[in-house]
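Subject: Handing over the structure

Hi there,

As promised, here is the structure for you to look through. My notes come after it.

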Amino acid sequence: MKRNERVLSAIQPTGDIHLGNYFGAIQNWVRLQDQYECIYGIVDYHAMTTPYKPDTLRANTWKMAFQLLACGIRPEHLFIQSMVPEHTELAWILGCVASYGEATRMTQFKDKAEQLRQSDKSAFISVGLFTYPVLQAADILIYKAHLVPVGKDQEQHLEFTRNIAVRFNHQFHSDYFPLPEPLFTETPKIKSLADPTRKMSKSLGEKHYLSILESPDIIRKRIRSAVTDTQPNPESISPGVENLFTLLRATGQEGIYSELLNQYRSGTLRYVDLKEAVAEALIKLLTPIRERYAEILANKKYYKNLIKDSSADIRNIAAQTLREVKDICGLLHAARTVKATDQNP
Ligand code: AMP
Ligand code: TRP
């Protein structure tokens, strides 16, 4: 039985989904579909907040959509943010009830601005990067979402969203927006294969991550060269070995996981065997995803239309909220929508 609460989450179109994204977020999104009413967004407006190329953004947005479908996200739950432009209009309205002081305390803005400055001293920092969390609040509130599955790094943005909702409700004497709660599901944190003291991330470079679409050969090669240790110490497991165990468990191979962990504890484990087990478990899990992805690519047009349709359906929810919000705020409505020919690539 599905519960009535609505779940909303979103991901930036970063290109490849890597094992960190998959085990840390997407696998959980897939499971939540059977428990709640779920809406998942690919947030391309957010991806404009740091320097980017238009063709890459367009290609990555579709790639992310196809990968999510291949992972098991159902098309009716998925939308592309720029196909629901009401998000940006609501973001403006929410920006007028959001606290400037609070916005200046967002750590993700500080971190990302710092990263940009480190790569280039005269880096351009956009207003969009600063107001990013206001757009994120709009993503959540436009669907009156109750639950938002996010990692701990997004907790501050969710608190900001709640404060915006509280201030809106208070300012306009309403209880219009429900206050969204974070949904912290226990998900594994995956570390880089080449430097297991850092979290797996594409920005570290190729040796550090594995994409879910990778071929069996590359999976074996990358896992074989994953960092372990030279002096196993059952008292305190090294980050690299721990990461391999985390990966093995995340693939659902509980039996092999326990067996190898016992070997590790008794000092008889050979790391080649652990690596072999991790590689084979990943190949088993990812092969159907890679095959589904190939099937989707072969029928690209059909799947693009599916996502355009689901985005249009989800847009109806967003448009209704925006109408109500404009009424509450004293804004006016246009007489009719302007017709445009569909030239969406
Ligand atoms: P990002 O594009 O890095 O912001 O990641 C998108 C989602 O994947 C977020 O919800 C993160 O919590 C999750 N994620 C990213 N990297 C990892 C990782 N190494 N381990 C676990 N989860 C991750
Ligand atoms: N900021 C989120 C991230 O970096 C992505 C995101 C945008 C999001 N809008 C959202 C997440 C709404 C949850 C809800 O991962």
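Predicted model: local features only at pLDDT ≥ 70, side-chain atom pairs only at ≥ 80, totals over all residues.

**Ligand 1**

The polar contacts I would point you to here involve backbone atoms. Glycine 20 places a polar backbone atom 3.0 Å from a nitrogen atom of the ligand. For isoleucine 190, a backbone N or O atom is 2.7 Å from a nitrogen atom of ligand 1. Methionine 200 also has a backbone N or O atom by a nitrogen atom of ligand 1, at 3.0 Å.

**Ligand 2**

Around ligand 2 you will find Leu8, Ser9, Ala10, Val43, His46, Tyr132, Gln136, Asp139, Ile140, Val148, Val150 and Gln154. In this site the contacts to look at come from side chains. Tyrosine 132 has a polar side-chain atom 2.7 Å from a nitrogen atom of ligand 2. The side chain of aspartate 139 has an N or O atom 2.7 Å from a nitrogen atom of the ligand. Glutamine 154 brings a polar side-chain atom to 3.1 Å from a nitrogen atom of ligand 2.

**Helices H9 and H10 against H11**

Helix H11 spans residues 271-298, and it has contacts with both H9 and H10.

Helix H9 covers residues 239-250, and its axis comes within 9 Å of that of H11, crossing at roughly 35 degrees. This crossing of H9 and H11 is left-handed. On the H9 side the contact uses Val241, Leu244, Phe245, Leu247 and Leu248, which meet Tyr271, Leu274, Lys275, Ala277, Val278 and Ala281 of H11. Sorted by class, the contact of H9 with H11 holds 10 nonpolar residues, no polar ones and one charged.

How do H10 and H11 run relative to each other, roughly parallel or roughly antiparallel? Helix H10 (residues 254-265) packs on H11 at an angle of about 165 degrees, with the axes 11 Å apart. Because angles over 145 degrees count as roughly antiparallel, H10 is roughly antiparallel to H11. Their crossing is left-handed. Ile256, Leu260 and Tyr264 of H10 touch Tyr271, Asp273, Leu274 and Ala277 of H11. That contact of H10 with H11 divides into six nonpolar residues, no polar ones and one charged.

**Helices H3 and H12**

The axes of helix H3 (residues 86-95) and helix H12 (residues 300-329) come within 10 Å and cross at roughly 25 degrees. That angle makes H3 roughly parallel to H12. The crossing of H3 and H12 is left-handed. From H3, the contact takes in Glu86, Glu89, Leu90 and Ile93, while H12 supplies Arg315, Ala318, Ala319, Leu322, Val325, Lys326 and Cys329. By class, the contact of H3 with H12 comprises seven nonpolar, no polar and four charged residues.

Happy browsing, and do write back with any questions.

Best wishes

Notes: Residues numbered from 1 in each chain as written. Chains lettered and ligands numbered in written order. Heavy atoms only, no water. Axes fitted to C-alpha atoms, helices over the stretch in contact; angles between N-to-C directions. Helix = DSSP H or I, 4+ residues; strand = E, 2+ residues; numbered from the N terminus. Parallel < 35°, antiparallel > 145°, perpendicular 65-115°, else oblique. Left-handed = near helix turned anticlockwise from the far one by under 90°. Contact = heavy atoms within 4.5 Å. Nonpolar A, V, L, I, M, F, W, Y, C, P; charged D, E, K, R; others polar. Near = heavy atom within 4 Å. Polar contact = N/O pair within 3.5 Å; in protein donor to acceptor, adjacent residues only side chain to side chain.
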